[in-house]
Structure formats: C-alpha cells, structure tokens
Amino acid sequence: MNLNDNRFASNLTIKPLAFAIACAVSGQVFAAQEPEQAEAKQTAVKGIERVSVTAQKRISTLQETPIAITAFNAEAIENLGIEDISDVNAQAPNVKIFPPYGSTFNVGMDIRGLGTSEPSLAIDPKVGIYLDGVYLARNSGAIFNIVDLERMEILRGPQGTLWGKNTTGGALNLVTRKPSDDFQFKQKVTVGNNSLLSSTTSIDTGAIGNFTARLTYMTSEHDGWATNTFAGAKEKNLGAEDVDALRVALRYTGDDFTVNYSYDNTDGSSVAMPVQISNVRPQYTDPNVPTMDLSTGKLYAGNVFAMMAANEKAPGRQTEFELDQHGREYVDIEGHNLTFEWDFSDNHTFKSISSFRSYDSDLSEGYDTDGGAYFAPALDFSTSPPSVDTSDVLAIPAFQYTSVKSQEQKSQEFQLLGQFLEGDLKYVAGYYYFSEEGEENNPWNIGIFTGQGANVLFTGSLPWGSFYKVNAKSSALFTNVDYKLTDELNVVAGIRYTKDTKSLTNVAKHDAMLRNDLHSETDWSKTVGSLLFNYVVDQDLTMYASISQGYAAGVYNPGSIDRFAYLNPANMGEANYEGTLTPADPEDTTAYEVGVKTMLLDDRLMLNTAVFLNNNTNLQKTIFDGSIRRSLNTGESKNKGIEIDAKFAATDSLFFTTSLGYLDTKYSDITFTDNTSYSASVAMNWTIAELDFGNLALNTNYVMVDDYQFSVSDPSLVGDNYQLLNARLTLSDIKIGERSNLKVSLWGKNITDEEYIVFGSNFNFFDAQAYGTPRTYGIDVSFEY
C-alpha cells in the first residue's frame, strides 16, 4: 500500500493510542538463556533485564548481538498465547507467518518480503526453521505442536553464512527445554469454546547419577468454528483438530562433555478450514455451457462456474458451507536429535548435531477449493432436442484434490567454537550435510472452461495434478570470525560454500497421462559471505553496519504439466512434462543493514532500530498460471524498510513491548507488482496486585497488519488490513503445600471478533480466500510441583 493512501491515515486515526505506543516503545524483546549455562544468565538491572540469545551459535547478550532479532522466552510464549509458530504472525517487525489453505499443519512464512507458502515437497522455504539446531526442510508439516518450547528467536535478514541455504528472508530458531537436575511435575489443562479440551503433562526425573530425563505429553482436540451442511459430508466440523504430541529428552553430563538426545512425535488429524469463493469471472458463467467428463466422454448439462457465481456470498466470514469433497487429513511427524558437546580445552568446544526426521500426510478424503457442491445430469442425445437424464448425475467440481505425501530427512553438522588472543578473536567453523527424499501423489478433480462449446472435466481415471518423487543432497563448509579491533569496535566476517544436488521424477504408475517415468537432476553451488562492523559505545549503546548474502538453490516445478497436450493426437496420449524437468534458477540476495541498540532512562527503555536494503536476484515465487501451478524467477528486485523493537518499564509492575515494521518492495519486471506494507504490535504486562494467596496479572496483545497482496502477479488479490486483540488474566503462585503451586488463567484471542483474510489465491476462473479464526476464549489451570 502507499503511505499516502487514505486508508493508512484513517487507520492510524482510528487507532491513535496503539500506534503512538508502537512508535514510542516498539519491540518484542523477550529471550532466555540456556538453563545449563549459568555463566550466561541474564543480569537483572532496574527496569529492563539484560538477556542472552544464541542467534550466532554462541551465547551473547541481545543488545550486543549485531543483527535484527526478536526473541520470546517461555513466559512470553504463554502470555501471547503462542501454541504453534503461526501464532507469531506480526509479533515481530516485517514478519508474516500463516497457515495456507489445504492443511492446518502447513505454514507460509515471509520475512522482509522474502518467503513462500508453497506446500510442494519440491519447493524450498525462504525462511529457515530450526528446532534445536536442526533444519526443517519443508513448509509441509512445519506447524506441529512443539511441546516444551523454551525460546523462539526470529532472525531477520539473510542468515546464509551461519545458518545456511534457504534463509534469504531470515530464520526461526526454536529451542526446547532441557531436563532439570531436580524432580519436577507440571500438569496443565485447558478448556474453551468450540469444544476445546487440552492437557499437557511434564515430568522431570531429576539427576540420577549423571543422567537426567524429561517427558512431556500433550493431547488436544476442538471442533473448529464452521459447519459443513452438505447431506453426505465427510466431516461436519470444519477446522476441527485432534492432536497427540510427545517429547522425550535425555541428558548425560560428563566432566567436560554433555550428550543430549530428544525424540518428538506429533500424531494428529484435522479438517482444514475451507476457502470462500469470490470474483467468479463473468465471461465463464454462461449457464447453457455443458461439461464433458473426459474420463468417459459423456456430456452433462451444467456449467460449474455459473453455479459458483450463483453461490457467491457477500464479503465476510462464512460459518456454514456445503462441500461434497472436504475431509480430514492425518499426519504423523517425528524427529530424533542427538547433540554432543565436548569442551576439549578451556577455550574451545566441539559440537555435533545428528538428526533424522520424517513426515507423512494422508489427505485421501480430499480438500474442496471451489466453495460448494455442484452436480449436473447427463445429456441424453437419443431425443431431439437432447434431454437430461436425471438417473445419471455427476459431480462437476471446479477444483478439488487429494494428497498423500511423505518426506524423510537426515542431517549432520559438526562445529568448532572457541576463542584466541584472550577472547579478542572468537570463531565458529563447521561442516554441514543434509539429504532428503520425498514422494507425493496429488490428483486434482478440475473443471476448465475451454471456450469451445463445453467445459472439460478431468476427474476419476483421468485426473489433473502431480505425481512425483524428489531427492536432494546438500553439503557446506562455513566459518565465522569475530575480531576485536579496539575496545569499542569489532569486525565480524563469515563465509560459506554450499553444494546442492536435486532431482525430480515424474511417476508414471499413478499418472494416466504418462507411460514411463521421467527424471531430471541438477547441481548448483554457491559461496556467500558476510561482513559486519559492531561499535559498542558502552553497555547502553551499540551500533552496527553489515553486508550479508543469502542463497536458495534452484527448484523443480512438479505442477508445471501441460495436460491439455494429452488431448492432442500427435502426443499419442501423453501430457507435456517439459516444464517439470527444467528447474527455476537459484535465488540470491545481498542485504545492507544499519542498526542501533540502546538502553535509556536508567534501563527503563530498550529501543532497537534497523534500516535495511535487499538487492535480490531471481526470487522464487509460486503462481497459479491458468491451470498450471509453478514457481518462477522474478528477476531483479529490491526490498527496503525500517524496523523498531522496544520494551518500556513504566513502573516496576507495568511493562510495554511493541514492534513496528515498514517494507517497500519494487520489481524491475513489470509482470510483478510493487507494494508497500506495515505491521505493528503492542503488548502490555501488568502485575495488578501481589496478594497473600497469589499474584494477579493482566497481559494484553494488540496486532495491526496492513493490506497484504497474496500474489506478486495479481494486484487485485489483496487481504484488507486488520487488527487483533488478545488478552490473558492470570492468578499465579497459589501455594499448595511447601513445593506446589497453582496457576489459573482466563484468556481470549481475537476478542473483538475481527473478520480477516489470512490467505488468498487466483485460480484463473475465480478467486478463493481463507479467513482467520473468530473469537476464541477459555481457561488454563496449571499445577506445578
């Protein structure tokens, strides 16, 4: 959007207090230190606490870490109601995290305008997600219940040297809680509207010799917030979810080494929220156009696009749908992590991170993206004129699909960390290896307007869609050196070399338009670097300037199949798969950033700002081009913006944290649309009273999100700006015996019941949008021993 746009001005007029606070004291600067590293604990001072993060793979204080970073500790995660990573949307400057339609377990992430929501196993994310140092390779299955989450760090800007490829936008670093040396037990129960019932149980064994262990189990279910009224509906409760999550953490501590092993598993099912239909193109809505079922050659008396136009609702969130092919998805996600750390000398550490993860999804029951249930009777040509045969009725969808996919990944990282010259030179160096394989069978039932007298329907034994296998291998060498030039100035330089090999195979076994498998394989390599100058004036003022590069390997497009070629006799009954065998080019970005981090007013105000410019080459963006879904390169582009993070201690019992981000994106290719946007958030933590029987506190969180263009090639596909208000009222430290306490929280999300769009797509013949969750509320009861 344009800052001169009247909508921007009116929105700020309507919300003056919230925006004033956002501008004055902007930021989400919560973080936590590793509990086992006592020497790096945050040092409490009057007002704001000095905290520690691990964004540079070593412990450093947030204020001395010369990158744009927002972090949330366990307390902040609870206060903000963060249950999975999608709840972090707009809680940090220029950060968008949302679940695209089709699955509640998939994620779309965008930082500083770089990202993707593509669920294909062949398309890489542009914001790297790391769980205890392990890279999660896919958007699919990235939203899962991470029980025992201790800290979330959002690193904005390219992180190519330390964190690796596919971090052109940034990285999300998730750190889980380690086992305690003391026996602990915690039980949390949540009930809420939409039949929400959740239970989380955690047990720490305490130290048994050199061993400690922690077990956490979570089970949760709710009914969703919309209803499918179709008589033969596969699922009535739209948005329903049923999840069981388990995490086991084991720790062994030796004299100079530690070994941590963890296992996590999410076994869940859900009914994804359906899309709402809008803007059915009038040129496709002639009710007299029949439909030909290409699997049988029969004609049916109905045009699905005319039916959709008649079914199109007024703008606003629907709570009732009539969907004939909308079912439940079943997922199983599990991971193993083995981390070994050895302090082989006073100033040097060796670290190994070994991991195996798997993801399986079964959406055989289908997902309905045309917003309704549409049927047509067969045309009987034995009469003149032709009549309709009501005994032969066929479903004529515009777009429905099923999907069954699986993915496995293995990774190994070795690190050397340490310092020389009495700490004046610090270094991190390492080797990284990653491999993955995946497979997806994704048939579509799709109706297409041809303009040749009849629509055509690909369905049944002759589906549209993609059927493929992918394999990928990646290896990298990297180093990062931090040298203290003077007492105030240090320079940080990093370099990383990455080699990637990817392959895609179109699988004929499941594809009626392909006789033999088709295979393609490509190699890429890239060296990226970073250079940063950090000037520490004193403990209250740090300034930095940096140049950093990011890289994402090329990607294959399994959806880029010309299936109309199947109808051409010259192709002998095969579609054209050439588009799937030629990958999009790698994505590169070079970022320039200047930042200032300050502590003011006797440490009662922490104010961090960053200004950045990204020069991008060949960003990979996915579009739906007619009847083909493909990821293409956008040529040259620029992203520039400003970010403010802050925290303000108004009193010893009243704290504000806010953030503000502004982003301006311009493309050199006029095919793609320039745009600007802003986002802001304001949170308040108020300890109302410290009572004899407990402490009463109120936490509120207010998020403002600007208009958002969902497709870089369609400026009309925009979600309006919106504001969300969340709140939590907590009575904590209710003593039960000498070692036990109780905590009770009343909470609400989207308290004003805002209607807002979280995702949208252009399907050529019509548009589709998915709305965000309406008002929810509930109560948490937690017992700790």
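**View 1. Asparagine 228, a residue that counts as buried at 0% relative accessibility.** In this predicted model, asparagine 228 belongs to strand S14, which covers residues 226–228. A polar atom of the asparagine 228 side chain lies 3.2 Å from the backbone nitrogen of phenylalanine 230, and a polar atom of that side chain also lies 2.9 Å from the backbone nitrogen of leucine 323. When neighbours within four places in sequence are left aside, the residues in contact with asparagine 228 are Ala233, Glu235, Lys236, Leu238, Phe321, Glu322, Leu323 and His326.

**View 2. An open sheet of five strands with mixed pairing.** The strands follow one another in the order S3-S9-S10-S7-S8. Strand S3 (68–73) and strand S8 (134–136) stand at the edges and have a single partner strand each, so one side of each is left without a neighbour in the sheet. On average, and with direction ignored, neighbouring strands of this sheet are turned by 20 degrees against each other. Within the sheet, strand S7 (residues 127–131) pairs with strand S10 (residues 170–176) in the parallel sense, over five bridges; isoleucine 129 has leucine 172 in S10 as its bridge partner.

**View 3. The salt bridge between aspartate 645 and arginine 156.** Side chains of opposite charge can pair when their charged atoms come close. Here the side chains of aspartate 645 and arginine 156 meet at 3.0 Å, N to O. The pair links distant parts of the chain, since aspartate 645 is in strand S37 (residues 636–649) and arginine 156 is in strand S9 (residues 149–156), 489 residues apart. Aspartate 645 and arginine 156 are both buried. A network of salt bridges links Arg112, Arg156, Glu593, Glu643 and Asp645.

**View 4. Two further salt bridges, among the 28 that the structure holds.** The side chains of arginine 214 and aspartate 204 meet in a salt bridge at 2.2 Å, N to O; arginine 214 is in strand S13 (residues 211–222) and aspartate 204 is in strand S12 (residues 196–205), ten residues apart. Arginine 214 has a relative accessible area of 8% and is therefore buried, and aspartate 204, with a relative accessible area of 1%, is buried as well. In another salt bridge, the side chains of arginine 151 and glutamate 150 meet at 3.8 Å, N to O, and both of these residues are buried.

View 5. At 39% relative accessibility, asparagine 279 counts as partly exposed.

**View 6. Residues 1–45, over which pLDDT stays under 50.** The model has 114 contacts beyond four places in sequence for these residues. For the protein, pLDDT averages 89, and 93% of the residues score at least 70.

Methods: Residues numbered from 1 in each chain as written. Predicted model: local features only at pLDDT ≥ 70, side-chain atom pairs only at ≥ 80, totals over all residues. Heavy atoms only, no water. Pairing = 2+ DSSP bridges. Helix = DSSP H or I, 4+ residues; strand = E, 2+ residues; numbered from the N terminus. Axes fitted to C-alpha atoms, helices over the stretch in contact; angles between N-to-C directions. Buried < 20%, exposed > 50% of the residue type's maximum accessible area, 1.4 Å probe, protein only. Polar contact = N/O pair within 3.5 Å; in protein donor to acceptor, adjacent residues only side chain to side chain. Contact = heavy atoms within 4.5 Å. Salt bridge = Lys/Arg side-chain N within 4 Å of Asp/Glu carboxyl O. pLDDT = per-residue confidence, 0-100.
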